[in-house]
Amino acid sequence: MTSTAVVPLQDMERMAQAIAASGLFGMKTKDQALALMIVAQAENRHPGSVAAEYHIIQGRPALKADAMLARFQLAGGLVEWQEYTDKKVSAKFSHSVNSPTPVLIEWTLEMATKAGLTGKDNWKNYPRQMLRARVVSEGVRTVYPAVCVGVYTPEEVQ
């Protein structure tokens, strides 16, 4: 969602207040939402896009894995899913500029358990989706890190 129009600060403040007041997206304060909106605008993205693309986890911005994957694919990245189960998710990531040879990235439930990730409800209830998010995050960072410089996924922040 690229935008060349600059949104005035007063409008962003009103949007930030609405996002914080809604209790959605993990943004508890107007300042958290506003800070992300300023970052979005600096990236030529509409400030309102932060609500759909980011969570605030433990006070840090976390780019959703789906948003990271979408940015990667829009930048010419390719993903070929190899395995997609509750025990293991793997995919080959490639990008014509940085990594034309596909890189295989995989995460298993055993790896996630060893890393201390599986104690939360999301991991217990949705292991496949959580493994997918880890694969996306690692794959995008490995092959085309320009997509997500300085931001983490919610799973990484937690």
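1. Ser49 sits in the loop between α2 and α3. Helices here are DSSP runs of H or I with at least four residues, strands are runs of E with at least two, and both are numbered from the N terminus. With a relative accessibility of 3%, Ser49 counts as buried; that word means under 20% relative accessible area, while exposed means over 50% and partly exposed lies in between (1.4 Å probe, protein chains only). The Ser49 side chain reaches the backbone oxygen of His46 at 2.7 Å. This is a polar contact, that is, a pair of N or O atoms within 3.5 Å; within protein, one must be able to donate a hydrogen and the other to accept it, and residues adjacent in sequence count only if both atoms are side-chain atoms.

2. Before going further, a word on the basis of these values. This is a predicted model, in which local features need pLDDT of at least 70 and side-chain atom pairs count only at pLDDT 80 or more, while totals for chains, interfaces and linings use all residues. Residues are numbered from 1 along each chain as its sequence is written, and side-chain values use heavy atoms, with hydrogens and water left out.

3. Now to the helix pair. Helix α4 (residues 65-74) and helix α7 (residues 127-143) have axes that come within 9 Å and cross at roughly 35°. The axes are lines fitted to C-alpha atoms, for helices over the stretch in contact, with angles running from 0 to 180 degrees between N-to-C directions. The crossing of α4 past α7 is left-handed, meaning that the near helix is turned anticlockwise from the far one by less than a right angle, whereas clockwise would be right-handed.

4. Which residues of α4 and α7 make the contact? From α4 come Ala65, Asp66, Met68, Leu69 and Phe72, and from α7 come Arg132, Ala133, Val136, Ser137, Val140, Arg141 and Val143; contact means heavy atoms within 4.5 Å. Sorted by class, that makes eight nonpolar, one polar and three charged residues. Ala, Val, Leu, Ile, Met, Phe, Trp, Tyr, Cys and Pro count as nonpolar, Asp, Glu, Lys and Arg as charged, and the others, Gly among them, as polar. An α-helix has 3.6 residues a turn, so residues three or four places apart point the same way.

5. Looking at α4 on its own, the buried residues are Ala65, Ala67, Met68, Leu69, Arg71 and Phe72. These buried residues pack against α3 (50-53), β1 (54-57), β2 (60-63), β3 (77-84), β4 (88-95) and α7. After α4 comes Gly76, with a positive phi near 100°.

6. The largest nonpolar core contains 39 residues. Such a core is a set of buried Ala, Val, Leu, Ile, Met, Phe, Trp, Tyr and Cys residues joined through side-chain atoms within 4.5 Å. The residues with the most contacts inside the core are Met27, Val50, Phe72, Phe93, Val135, Val140 and Val147. At least two core residues come from each of α1 (9-22), α2 (30-42), α3, β1, α4, β4, β5 (99-108) and α7, and α7 gives the most, with seven.

7. Residues up to four places away in sequence aside, Phe93 touches Phe72, Leu78, Val79, Thr101, Pro102, Val103, Ile105, Val135, Val136, Gly139, Val140 and Val143.

8. Thr108, in strand β5, is buried because its relative accessibility is 17%.

9. Thr85 belongs to the loop between β3 and β4 and is partly exposed, at 32% relative accessible area. A polar atom of the Thr85 side chain lies 3.2 Å from the backbone nitrogen of Lys87.

10. Last, two helix residues. Ser22, in α1, is partly exposed at 38%, and a polar atom of its side chain lies 2.7 Å from the backbone oxygen of Ile19. Met130, in α7, is buried, with a relative accessible area of 7%.
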